[in-house]
Amino acid sequence: MSVTCFDLLHQAKDRPLVLPEARRRNLASRAYYASYHRCLQWEHSLPARGVPPKRRGGVHQRLILRLQSPDKRCSGEQAQLSRWLGEHLDLLRQLRVKADYKLSEDLDRKELSVQVGLAQELFDCCDGRRKP
């Protein structure tokens, strides 16, 4: 059975009031990955992918950089949204890095709430339900 980015976001949003920190970290990570896949889908709707500066990085960093550097063939509205998505996906990635790798730092409920809220906002922009 396959899963979608929408399924991942739903998982991140489906949480009781009290969560152990390990579960908060998992949900913060899911919110990021849902957003990464949604941005990747959105990027495919563009007339051309952005061309990032010549920097190395993994597939996640390269997507962020492409979004932050939209192609000239994109409309003004597409370019604005692309830059906004790149900036916010990078913010989501930073908290995902904390959740996955910085185990000695606390990840509290507020950070999880911000992560999930930002992921929902990103989905809403990709789906045309709101403007950046």
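Is Arg 129 buried or exposed? Arg 129 counts as exposed, at 55% relative accessibility. Here exposed means over 50% relative accessible area, buried under 20%, and partly exposed in between (1.4 Å probe, protein chains only).

This is a predicted model, where local features need pLDDT of at least 70, side-chain atom pairs count only at pLDDT 80 or more, and totals for chains, interfaces and linings use all residues. Residues are numbered from 1 along each chain as its sequence is written, and side-chain values use heavy atoms, with hydrogens and water left out.

Side chains of opposite charge can pair when their charged atoms come close. A salt bridge is a side-chain nitrogen of Lys or Arg within 4 Å of a carboxyl oxygen of Asp or Glu. By this rule there are twelve salt bridges. The table lists some of them.

| Salt bridge | N to O distance |
|---|---|
| Arg 66 and Glu 43 | 2.6 Å |
| Lys 98 and Glu 111 | 2.7 Å |
| Asp 127 and Arg 129 | 3.2 Å |

Take Arg 66 and Glu 43, paired by their side chains. Arg 66 sits in helix 3 (residues 59–68) and Glu 43 in helix 2 (residues 21–43), 23 residues apart. Helices are DSSP runs (H or I, at least four residues), numbered from the N terminus. Both Arg 66 and Glu 43 are buried.

Next come Lys 98 and Glu 111. Lys 98 lies in helix 4 (residues 76–101) and Glu 111 in helix 5 (residues 109–126), so the pair ties together parts 13 residues apart in sequence. Lys 98 is buried, at 14% relative accessibility. Glu 111 is partly exposed, at 22%.

Asp 127, the partner of Arg 129, is partly exposed at 28%. A network of salt bridges links Arg 38, Asp 124, Asp 127 and Arg 129.

Notes:
Helix = DSSP H or I, 4+ residues; strand = E, 2+ residues; numbered from the N terminus.
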